[in-house]
Structures are given as C-alpha cells and as structure tokens.
Amino acid sequence: ETKNASEVMPKAIKATLWRIVFFFLGSVFVISVFLPMNDSSITQSPFVSVLERINLPFIGMGIPYVADIMNAVIITAMFSTANSGLYGASRMIYGLSKQKMFFKVFSKLNRQGTPTYAMFFSLSFSLIGLLVQIYAKENVVEALINVISFTVIIVWVSVSISQYSFRKQYLKAGHSLEDLPYKAPFLPFLQLIGITGCIIGVIGSAMDKDQRIGMILTIVFAVVCYIGYYFTQKANENNKKDLI
C-alpha cells in the first residue's frame, strides 16, 4: 500500500529510531534531572510533576493546565498506538490468508485495496480486550498484558534471527549489499544484542512469580500457533498433490 516503498521504508526506519531516542530516552533523562529518586510523584505522574516545576518567563512556576495537556497527549498517543496496531494486525492476517495459512475470506480487499475483513476481525479482539479490562479480574488483565509482552519478545527475536539469516543467505547467493535499498548497520552485533536483551528479559520475568503465568501462557499460545501452521501446511501440500 506504500508508494515507493524502497525509498519510504528506510526513511521510516531511521525516523522511528530517532523518535525512540528522543521521546523515550529524552523524557527519562528530563525526569531524572528534575525529580529526586525518592520523590513520591515518580510513581504517580512524573511528567506532570516535572512540568509543574519548570519556571517560565511571564508565567511563573509551572505550566498552566499541565495535567489536562498531558491527558490529551496520552489519549493521542493511545489512538496512534491503536491505529498502528490495527494496521499491522490486519495486514498480518491478510498475509496469512494469502499464503493459505488462515481463512480465505480474510484475503479479500475492498475497492481501495484495504483488507476490511481482516481489519474488522482484528478490531473484534480490541473489543474483547476492552470487555476484559472492564469486567475481568485484575490478575487476568495482567496475565494478558504479560502474554502480549512475551509475544513481542518472540517477534523481535524472530526478526533478529531472520535478518541475520537473510543477510547471510543473500551474500552466499552472490548478491551485493549495494543492491539492497536499506542496509541494517552493525550486523550481526545489533542482532546479537537484541536477542541477548530479549533473553535477559525472559529470564528476569521467569524469576517474577507475577509474570510467570504470562510466560507459560505465551509458550502454550506459541505451541498452538505452530501446530496450526503444521496442519495448514500439510493441508496445502495435500491439495497440491491432488491437483497434480
């Protein structure tokens, strides 16, 4: 769906990196500068506390309506996150359907080229998550959040391994790195750092009894996915044999 993907995607990747550095690391640095580590507001609303302590010309100490401003920023960020998550999930389901690893109906597109069935299917899980958040017990919600976190870890480990394997096979086939529209820097060190960091996170979570159930559920979920993949691939192979 992206025009000039070979030009747009490298720019998006680089922009995402700098945004993460600026917004995440930068915000933590600002909080560390303004708030003592024993300040009680760190665990409540650190950004509001920081902005309330900034002395501005003609205004004085603190930014007016800072709590309302932060609420607006948080809500905007939530909508942005939900939008990107819905985009990624629907396209993933669409891709699985195109590869005959999921129901065929989800590979259908509307006139604008949008996989609407896959999008609404993804959106239904957001509704389920909302209902769980409202009606389920707190430990259930926490377990689901942990499952999502561990699933993300699996995804990033898979991405790192895939990227390393792709580069290795690409060069082995006689291609040149100059032919790639985007070349990941510091390979394989970044991939090894990423995998190591994910493994450390999993080990740390396994030592926490509150997160252990999420890790177990994630393993069960991954096994179910692999079993589903095995049977869909086997069914596709049988269909090909029947056609032959």
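Visitor: Where is Leu-25 placed?
Guide: This is a predicted model, and in it Leu-25 falls in helix α1, which covers residues 5-34.

Visitor: Buried or exposed, that Leu-25?
Guide: Exposed, with 56% relative accessibility.

Visitor: What does UniProt annotate as "transmembrane region"?
Guide: The unreviewed UniProt entry puts that label on residues 16-35, 115-135, 147-166, 186-207 and 213-231.

Visitor: How far apart are the end C-alpha atoms of residues 147-166?
Guide: They lie 28 Å apart, and that span is 100% helix. For residues 115-135 the end C-alpha atoms are 31 Å apart, with 95% helix and 0% strand.

Visitor: Switching topic: how many aromatic pairs are there?
Guide: Eight. One of them is Phe-102 with Phe-106, a stacked pair at 5.3 Å centre to centre and 20° between the planes. Phe-102 is partly exposed at 30%, while Phe-106 is buried at 10%. Another pair, Phe-166 and Tyr-170, is tilted, at 5.4 Å and 35°.

Visitor: What separates Phe-166 and Tyr-170 along helix α5?
Guide: About one helical turn, because they sit four residues apart in that helix.

Visitor: Which residues do ring pairs link into a cluster?
Guide: Phe-102, Phe-103, Phe-106, Phe-121 and Phe-125.

Visitor: And Gln-191, what does that touch?
Guide: Leaving out residues up to four places away in sequence, Gln-191 contacts Ser-160, Gln-163, Tyr-164 and Phe-186. Gln-191 belongs to helix α6 and has a relative accessible area of 5%, so it counts as buried.

How values were computed
Residues are numbered from 1 along each chain as its sequence is written. This is a predicted model: local features need pLDDT of at least 70, side-chain atom pairs count only at pLDDT 80 or more; totals for chains, interfaces and linings use all residues. Side-chain values use heavy atoms; hydrogens and water are left out. Helices (H or I, at least four residues) and strands (E, at least two) are DSSP runs, numbered from the N terminus. Buried means under 20% relative accessible area, exposed over 50%, partly exposed in between (1.4 Å probe, protein chains only). Contact means heavy atoms within 4.5 Å. UniProt positions are given in the numbering used here, feature names are shortened, and annotations may be inferred rather than shown by experiment. Rings of Phe, Tyr and Trp (its six-membered ring) pair if their centres lie within 6.5 Å; planes under 30 degrees apart count as stacked, over 60 as edge-to-face and the rest as tilted.
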